[in-house]
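Let's take a friendly walk through a protein and look at how some of its charged side chains pair up. Have the sequence and the 3D view ready.

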Amino acid sequence: MIERRVAELVREALRASAGELGLDGALPEVEISVPKLREHGDFSTNVALALARRVGRPPREVAEVIAAHLPADPVLARAEVAGPGFLNLFLTDAWLHDALREAVRLGPAYGRAERLGRRVQVEFVSANPTGPLHVGHARNAVIGDAIANVMDAAGWDVQREYYFNDAGRQMELFGASVEARYLQRFGVEAEVPPDGYHGAYIADVAEAIAARHGDALVRLPPEERAARILHEGSALVLDQIKATLERFRVRFDRYLHERELHDSGQVTRAVERLREAGYAYEADGAVWFRATAFGDDKDRVLIRANGAPTYFAADCAYLVDKFSRGFDRLIYVWGADHHGDVARLKGAARALGYDPEVVEIVLYQFVTLYRGGELVRMSKRAGDIVTLDELLDEVGVDATRFTLLSRSNDSPIDFDIELVKRRSMDNPVYYVQYGHARIASILRHAAERGVGLRPIDEVDLAPLATEAERDLLRAIAELPGRVLEAAELRAPHRLAYFAQDLAARFHRFYTECRVVTDDEPLTQARLQLAAGAKVAIANVLGLLGVEAPEAMERLEGDPSDAGA
RNA sequence: GCCCUCGUAGCUCAGUGGAUAGAGCGCCGGCCUCCGGAGCCGGGUGCGCAGGUUCGAGUCCUGCCGAGGGCACCA
């Protein structure tokens, strides 16, 4: 990557000027940034600013010294000292051409870093199997999925995992709710518990069980019946969740059931381990975790007075399980309503003897559904929800994913179904996809005219000289760095913005530069540029889980459609 | 009350301590003999308030104001 090469040049210059600057000890970190203004060069570094105090000389003077020691390099055209002491570097076009060649040659692999040999687990969605997924889960799903994609591209070995909370009170309520509906279906008097689940989907689950067993379960002893229905009901919901996720293009390497942690004794062992470490104690008949030792507001219950372990106890067991699998990073994707649990989870990690820095929580704000400006109220208990499946039926996977990834995790999202459905500029996903389809169209057009893409190493790229062409080249060249950045910051939304930037630069290029002309060398160079842009857009969309179409339907009322 | 997140253009939002803070939407005006006009070009207004750290603060720290969320032997 070009930034690395530039940074190395600057480091060499630093080494060479160390004597003159009276610089002893370690060299400072060299940061390379892309200036906002063209006049400030292709890349810029602030080392001189950072170094000025240390060597006791004015920053501009330091920058001059470093500039004078920059090694000669075919990629480096010139360096300028500017502003308070920036060192601005102007490169030859060779680096832009190299980037384009790489994009075209590598295709789908362009922007993928070398393997780091580091392992990360991303645990996300992890919704209870008590009902269908909705938009809130959808945001969790796309954030986790995109972070996994992006970290994979950045060189991490990623494992995606879903944790089913299929034990505990909520599941019992779910089971009791399904059971009531099942019994009602066969004319047996039964009530859904007041704090149970009242949605229509509960009746659907009951119906599915009835379809399988008829009224056979009615005659079972109550305890056995409850267990059967809970088990089968949650399995049915789970299958439905998996199907929805599949459709949403979210895949997992592993599903872990909380039940297993209990049945295998891992929960008991984890609590025991906390006790041995001196971080668990008994009081009021319950077993407590000394969370206050780690900055939490209060101590937390591990085992209730009635002997039942809490979810937190299972979380501790899961933590032990995750650490035992040797990950370098453990990422949890949580809704902001769980921020209060962060301290105790990290505390648990420390108490169990692990490095809490390995545990990383990605929090995201809530999604509020609107329809044409009108708030869509949702209550899961009352069963008044718009399911993710319904949402996907109505607005589609691409628009849903892109929209949910187009805000920072910290920003709440107002998801207006009518707006996201619209194929308009309220909806940038189509702008980006259109860019991709347009390039595909150009390439088809060229092919029809008998103009094919030659191997890019045989093509002279020097004809790419206009501002629009160079801007597009730069965007393509920036992609690998953007991917690393998005991965490091766990901020996939940055790629959603970058995708729009890429598309915008392509659209301007398209408007200003005719690709297929009688000028053969120019045509060939521009075709290669278009092909590189296509790769870049496709790869960024791919990381977001959004399709890059070869063609799109023309809009009704599109004037270009009139004569076609 | 305590804790977390957020407050940037009329609206919705970007902006990992750097130079003149950006994009889309909306509004006004231009651009199709030609590869897809779902496009392109031009037009302008803004970092909630007050301190502090720094050569340099939208970004870091403190306080205040405002919005959302969390403070269970619930998830």
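Which residue forms a salt bridge with Asp341? The partner is Arg344, and the closest N and O atoms of the two are 2.7 Å apart. A salt bridge here means a side-chain nitrogen of Lys or Arg within 4 Å of a carboxyl oxygen of Asp or Glu. Asp341 is partly exposed, at 22% relative accessibility, whereas Arg344 counts as buried at 16%. Those words have set limits: buried is under 20% relative accessible area, exposed is over 50%, and partly exposed is in between (1.4 Å probe, protein chains only).

Before going on, please note that this is a predicted model, in which local features need pLDDT of at least 70 and side-chain atom pairs count only at pLDDT 80 or more, while totals for chains, interfaces and linings use all residues. Residues are numbered from 1 along each chain as its sequence is written, and side-chain values use heavy atoms, with hydrogens and water left out.

Now find Arg247, which meets Asp389 in a salt bridge with 2.8 Å from N to O. Arg247 lies in helix H8 (residues 222-247) and Asp389 in helix H13 (residues 388-395), so this pair ties together parts that are 142 residues apart in sequence. Helices are DSSP runs (H or I, at least four residues), numbered from the N terminus. Arg247 itself is partly exposed, with 32% relative accessibility.

Next, look at Glu246, which forms a salt bridge with Arg251 at 3.2 Å between the closest N and O atoms. Glu246 is partly exposed too, with a relative accessible area of 43%. Across the whole structure, a search finds 49 salt bridges.

Technical notes:
Chains are lettered from A and ligands numbered from 1 in the order in which they are written. Helices (H or I, at least four residues) and strands (E, at least two) are DSSP runs, numbered from the N terminus.
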